[in-house]
Amino acid sequence: MMLQKMRRSLVLLFSLLLVSFAGWCGAAEKTPQSVQVTIRSILAANKSDEFDAKLKGMEQQLKSLKYRSYRSLKDESKTVPWQGTQSFEIPGGRTLTVSPQEFQDNRIALKVRLTEHDKPIVDTTVKIANKGNFILGGPPHEGGALVLSISASAP
Amino acid sequence: MSNCEIIRESIGSWLDGELSPGESDSVRAHVAGCGDCDEVRRQLEKLQMVLKEELAGKAARIEFMPFWREVQQRINQKRPWHEELRGWCRDFFTAPRIAWSVPAVIALVLALFSLDSYLPGWRFGGARNNFAAVDSIDAYGRSVALLRENESKTTVIWLYQDQEGENDAAEDATKSGPAF
Amino acid sequence: MELSDSELVKQCQAGEMSAFEELVSRYHQKVYMVSLGLLRNRDDAMEVAQEAFFRAYRKINSFQGGSSFYTWIYRIAVNISIDTQRRQRRNPLDFRESMDGVMEAQNEVAKDPFTDVHDRELREKLTKAINDLTPEHKAVIVLRTIEGMSYKDIGQILGCSEGTVMSRLHYARKKLQDKLRVFL
């Protein structure tokens with residue numbers, strides 16, 4: 001009977017500990033210190049039916065663009081502080097500049113500029129889901145189109 | 001609490017033979033020398049006798065065969081589904097199981113919500129909401145399309161090759177200075 | 001040679017209905033008496049006793065011998081009785097045959113008129129006092145009084161400690177003493 005009582009108390013204590021831990025984990029959203037930005041440069045073309053194995057996981061996103069082949073050109077990942085700026089070299093003499101602006105409701109606001117030979121092609125501010133991505137594409141490249149997957153993660 | 005009050009709480013257990021030899025001797029010695037406590041002993045013994053007569057003495061013996069036939073009938077009879085379910089619930093949801101299920105459910109819920117950290121891309125309840133909100137866009141005169149792919153919930157910004165006015169737009173942009 | 005309860009249980013678990021019949025024959029009277037003590041009604045007590053053995057048969061394979069068979073069957077019977085009492089308290093019937101009715105049917109003859117009145121009054125007050133106890137307090141009184149069970153066995157049946165059995169018995173006896181003081 002003593003053992004039964006002890007067991008019951010242990011179970012209760014364990015439940016309380018778990019609940020406290022859950023509370024601690026679910027505590028008010030903390031703003032992360034910096035953002036991990038990843039840029040994937042992809043060539044979309046109609047010359048073949050190749051789908052680069054490195055792009056596994058992006059099939060659904062890319063196939064919506066209706067090209068026949070997709071090839072990974074370059075992957076690059078950098079840590080960028082909030083309100084800071086980081087540039088990424090993109091194939092074809094292009095540069096992508098990314099600046100994380102704010103973190104709210106688990107979404108990251110990113111300011112993005114794509115330049116080609118130092119000429120701006122597009123400026124955009126996009127709010128993406130934390131650990132999510134968006135696609136920026138269209139500039140011509142090697143007989144196809146350049147597609148950039150821009151993702152950001154705030155740990 | 002007086003000594004008599006302490007002893008009176010033990011008289012019942014003493015009469016039941018549930019005290020240790022030492023405790024039993026203490027109670028016996030006190031009762032022998034205390035009229036009030038002895039009266040309590042007498043009343044409890046009388047109560048026990050009356051109770052035994054009332055509860056056990058008057059009940060008739062029951063015949064075994066009719067009783068056994070009834071039990072057999074219950075065993076062989078098919079019960080309605082809701083009674084079977086109630087019986088199963090009663091047997092399954094025992095106190096220890098319920099007690100352990102509370103922390104188990106809490107742990108499971110915690111694990112599900114933190115699974116995303118270990119399996120990036122996996123999301124409880126289906127595909128994550130990957131839609132991006134485009135707050136502003138300046139394509140420097142180029143045509144731009146904003147697409148939303150429903151399956152993967154991805155936002156696509158597509159820049160079209162514009163033939164006309166392309167060079168003029170680019171020159172203006174370089175003169176306007178950095179956006180950051 | 002008479003088989004022990006644990007040997008009979010093993011045979012039951014192997015599918016021998018005759019072994020279960022033997023167990024029922026050994027304990028049906030005791031289980032009925034305890035149920036009657038708790039419910040104070042013959043029909044209810046019979047129903048509970050039969051149901052207890054039925055449930056024991058269904059769960060026989062889960063009986064691992066941690067307690068004795070008789071403790072186990074008593075536990076089932078007491079639990080069903082307590083559930084029945086709680087249900088009856090929530091939905092009291094207009095008429096229930098009480099132990100008084102049982103004794104009248106058995107034609108109890110008093111020694112003299114004075115004793116007859118005195119005894120009848122005591123029985124009425126005693127029945128009411130017992131029924132006023134909570135099911136848990138009634139259970140300890142019945143198991144101790146009818147079966148003379150040890151506190152340890154009572155605790156195993158009711159799923160509580162010996163200390164709890166002791167304090168419940170003390171409380172129940174005190175309540176009964178207070179209500180029946182004049183007769184004791």
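The contact between chain C and chain B (heavy atoms within 4.5 Å) draws on 49 residues of chain C and 36 of chain B. This is a predicted model, in which local features need pLDDT of at least 70 and side-chain atom pairs count only at pLDDT 80 or more, while totals for chains, interfaces and linings use all residues. Side-chain values rest on heavy atoms, with hydrogens and water left out, and residues are numbered from 1 along each chain.

Chain C and chain B bury about 4,300 Å² between them, 61% of it on carbon and sulfur atoms; buried area here is the accessible area (1.4 Å probe) that two parts lose on being put together, summed over both. On the chain C side, Gln50(C), Thr145(C) and Leu184(C) lose the most area to chain B, together 15% of what that side buries. Four salt bridges (a side-chain nitrogen of Lys or Arg within 4 Å of a carboxyl oxygen of Asp or Glu) link chain C and chain B. One pairs Arg173(C) with Asp16(B), with the closest N and O atoms 2.9 Å apart.

Turning to chain B and chain A, the contact takes 39 residues from chain B and 44 residues from chain A. These two chains bury about 3,400 Å², with 65% of it on carbon and sulfur atoms. The count here is one salt bridge, formed by Asp135(B) and Lys127(A) with the closest N and O atoms at 3.3 Å.

Note on methods:
Chains lettered and ligands numbered in written order.
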